[in-house]
Amino acid sequence: GDKDNIGAQVDYEIIGIEPGAGLMKQTKTALEDYQLDNWQLVEGSSAAMVAELKKAIDKKEPIVVTGWSPHWMFSAYDLKYLDDPKNSYGGAENINTVVRKGLEQDVPGAYTILDQFNWKTADMEDVMVNVSGGMSPAEAADKWIKAHPDEVAEWVKGAKAGNGESIQLVYVAWDTEIASTNVIAKVLEQNGYDVTMSQVEVGPMFAGVANGSADAMVAAWLPSTHLEFYNKYKEDIVDLGPNLKGTKTGLVVPEYMDIDSVEDLK
Ligand code: PBE
């Protein structure tokens, strides 16, 4: 059946994303853990991965991609995660907010807002679905903020309003982080801060907050996806804890494929 020749059907290729992503490292671990010796992890980008996925689904062809949640692709297509009995992907985790040392003293109001920022998977997906549908991230963020005044009020509660102080946010161009960074940027702006968003790679994102050239990021996937970066910089950053709980990473296939586990790729 399908299970026996799935590798041959997809040329023993797993469609990956940006080389620096934690998900790529986890997938390399998975290839070893499950002894998928003849398989290759294809480097590319998050956008290219989604394009490949769409192409395969349009033709109802098999495909194996690296995926994560929250992501709009789960509302756009019928997809499933492959079970990961060896736990190469580390299970469910959180996205943490991380700020530079000294931000609390230097810009207490912005610090408070960043500290109080937290939302749910459905919120983030709301923004992501609009962006994937063609809305600009800024517009999608604005729309979500207008529709969720109570949630936003909790984030800004007790925060000293800014007076044009500048705040540098760093992020990677993953759909999740485009959504969260645009939302928190807008909320900070609405409270008197002058926000710049810089798109960087994952290593420089952590390094920037650690060396103080950036003020904050809302994109640390922990405890597993970004553990390597976290450990490298943990002495020089301030971890404000989860802004979203219950993320997931793993190998994702269309529902119509007759496999259920990473083990079925062997
Ligand atoms: N991701 C999305 C990132 C974290 C956010 C899962 C692609 C990563 O793999 O590093």
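Predicted model: local features only at pLDDT ≥ 70, side-chain atom pairs only at ≥ 80, totals over all residues.
View 1. Where the two meet, domain 1 contributes 19 residues to the contact and domain 2 contributes 19 residues.

**View 2. The buried area and three residues of domain 1.** About 1400 Å² is buried between domain 1 and domain 2, and carbon and sulfur atoms account for 60% of that area. To find your way around, start with Trp68, Pro70 and Trp72: they provide 39% of what domain 1 buries against domain 2, more than any other three residues.

**View 3. A salt bridge and the polar contacts.** Here, the side chains of Lys25 and Glu228 form a salt bridge, with an N to O distance of 4.0 Å. The interface of domain 1 and domain 2 has one salt bridge by the rule used. Across this interface there are also four residue pairs in polar contact, with both residues at pLDDT 80 or more.

**View 4. The side of domain 1 that touches domain 2.** Helix H2 (22-33) and strand S3 (65-69) each bring at least two residues to this side of domain 1. H2 gives the largest share, with four residues. Sorted by class, the side of domain 1 that touches domain 2 holds ten polar, seven nonpolar and two charged residues.

Definitions and conventions: Residues numbered from 1 in each chain as written. Heavy atoms only, no water. Contact = heavy atoms within 4.5 Å. Buried area = accessible area lost by both parts, 1.4 Å probe. Polar contact = N/O pair within 3.5 Å; in protein donor to acceptor, adjacent residues only side chain to side chain. Nonpolar A, V, L, I, M, F, W, Y, C, P; charged D, E, K, R; others polar.
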